[in-house]
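Here is a short tour of one protein model. Keep the sequence and the 3D view at hand while you read.

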Amino acid sequence: MSLKCGIVGLPNVGKSTLFNALTKAGIEAANYPFCTIEPNIGIVEVPDPRLAQLAEIVKPQKVQHAIVEFVDIAGLVAGASKGEGLGNQFLANIRETDAIVHVVRCFHDDNVVHVSGSVDPIRDIEVIDTELALADMSTVEKALARYSKQARAGGDKEARLLVDVLEKCQAQLDQAKPVRALDLSREEWANLKPFCLITAKPVLYAANVAEDGFENNPHLDAVRDHAAREGAEVVALCAAIEAEIADLDDADKQDFLESMGLAEPGLDRLIRAGYKLLGLQTYFTAGVKEVRAWTIHAGDTAPQAAGVIHTDFERGFIRAQTIAFDDFIRYKGEAGAKEAGKMRAEGKEYVVKDGDVLNFLFNV
Ligand SMILES: Nc1ncnc2c1ncn2[C@@H]1O[C@H](COP(=O)(O)OP(=O)(O)OP(=O)(O)O)[C@@H](O)[C@H]1O
Ligand SMILES: [Mg+2]
């Protein structure tokens, strides 16, 4: 499973700078609006210090992190849903993502043009939210037109269910509220999924502050208040510093972070927050060929976790030899953990825990 996050925000708020730092891909980030035209996809590793601990014991040929895909999308402006700016083209790109990272400008810099002339993150958030809601509204209306005809014509049960949930979305969007805030049943969410509604996706705010803007920054406070009301997370970072950090090698990076009084790059916080936002967690496989982190949903069972490696593993699942991460480290690997009675045989019903070191037995 690869997790895909779309980066959205007004033009010139720092999306590409952030994206570059994320991927070191060297995509052009220039100081003028609409510099980004094609969506750019970057694949980044999910930072996880546990992998190094496992590797030290297992000494594998290769270490493989879990990955997250980020999509850098051109800036949205008011009217995008009607084709203003680069309009519909990138709204389509956002539809394909699992989560949205909404970059909000919380820095002053007279050299960097703000499309609305001043820094006001809440106004900016509302502009983007409105565009996203309008885009969803048009999707919902089209779907309603189609399915209500079907529901009337054939008394089609499936179509009636769809109409029902789409009408709830319509009422919500009418009040300029996001679909994600609706209280729907599991079945209703599943029915909505194929429509890829943008405001149904979980959102994370990346507050882009100036180098000295982490404290006493009313813009950042405003974003935090806004997010708290929505039940959303905020990660404060300075995209310009992140870009600098990304260019350094590991030793210099550590020194630089310390000199800035930072414990870790803001990007690491961002990636982890994205992980948490989607209810994701990690399990490990630890063989001599490869020590690897795999991404699953919290609550996934052992066969589902196996299915992330290969569908055969899920289909022919017999059991999972399971060692908790802490035990694996404490007893210095599989043999030690086994001897200490810490290797469990778990069956089909087992709910995998974050950090479990697993070995699947299967038969196809
Ligand atoms: N935290 C920050 N402090 C100061 N300057 C910044 C910060 N973050 C980004 N910038 C600067 O702002 C300008 C615009 O950044 P960037 O190109 O990343 O914006 P964008 O959101 O991708 O814009 P577009 O929508 O046009 O693609 C760049 O010159 C960048 O260096
Ligand atoms: Mg850009």
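## A loop residue to start

Cys196 sits in the loop between H6 and E6. Such labels stand for DSSP runs, numbered from the N terminus: helices are H or I runs of at least four residues, and strands are E runs of at least two. Phi of Cys196 is near 50°, a positive value in a residue other than glycine. Cys196 counts as partly exposed because it has 15 C-beta neighbours inside 10 Å. The cut-offs are these: a residue is buried if 20 or more other C-beta atoms lie within 10 Å of its own, exposed if 12 or fewer, and partly exposed in between, with C-beta atoms placed from the backbone.

Ala176 belongs to the loop between helix H5 (157-174) and helix H6 (186-192). Its phi is near 60°, a positive value in a residue other than glycine. With 13 other C-beta atoms within 10 Å, Ala176 is partly exposed.

## About the model

This is a predicted model, in which local features need pLDDT of at least 70 and side-chain atom pairs count only at pLDDT 80 or more, while totals for chains, interfaces and linings use all residues. Residues are numbered from 1 along each chain as its sequence is written, and chains are lettered from A and ligands numbered from 1 in the order in which they are written.

## Helix H7

Helix H7 covers residues 218-230, 13 residues in total. From its first C-alpha to its last it reaches 19 Å, close to the 18 Å expected at 1.5 Å a residue. The expected span is 1.5 Å times one less than the number of residues. After H7 comes Gly231, whose phi is positive, near 70°.

Which residues of H7 are buried? They are His219, Leu220 and Val223. Seen down the axis of H7, the buried residues fall within an arc of 100°, so they line one face of the helix. The arc is that of the directions from the helix axis to the C-beta atoms. The face turned away from the buried side carries the exposed residues Pro218, Asp225, Ala228 and Arg229. The buried residues of H7 pack against strand E5 (99-106), helix H4 (121-154), strand E6 (203-209) and strand E7 (233-237).

## H4 against H7

H4 and H7 pack at an angle of about 45°, with their axes 9 Å apart. That makes H4 oblique to H7. Axes are lines fitted to C-alpha atoms, for helices over the stretch in contact, and angles run from 0 to 180 degrees between N-to-C directions. Angles under 35 degrees count as roughly parallel, over 145 as roughly antiparallel, 65 to 115 as roughly perpendicular and the rest as oblique. H4 contributes Pro121, Ile122 and Ile125 to the contact, and H7 contributes His219, Ala222, Val223 and His226. Two residues are in contact if their C-beta atoms, placed from the backbone, lie within 7 Å.

Val127 also lies in helix H4. It counts as buried, with 20 C-beta neighbours inside 10 Å. The C-alpha atoms of Val127 and Gly287 are separated by 50 Å, and the two residues are 160 apart along the chain.

## The annotated binding site

An unreviewed UniProt entry carries the annotation "binding site" for Asn12, Val13, Gly14, Lys15, Ser16 and Thr17. UniProt positions are given in the numbering used here, feature names are shortened, and annotations may be inferred rather than shown by experiment.

Val13 is in the loop between strand E1 (3-8) and helix H1 (15-23). Val13 is buried because it has 29 C-beta neighbours inside 10 Å. Leaving aside its neighbours within four places in sequence, Val13 is in contact with Val103, Val104, Arg105 and Asn208. Ser16 is found in helix H1. Ser16 also counts as buried, with 25 C-beta neighbours inside 10 Å.

## Helix H11

In helix H11 (residues 302-309), the buried residues are Ala302, Pro303, Ala305 and Ala306. They fall within an arc of 160° seen down the axis of H11, so they line one face of the helix. Among the elements they pack against are strand E8 (280-286), strand E9 (290-297) and helix H12 (311-315).
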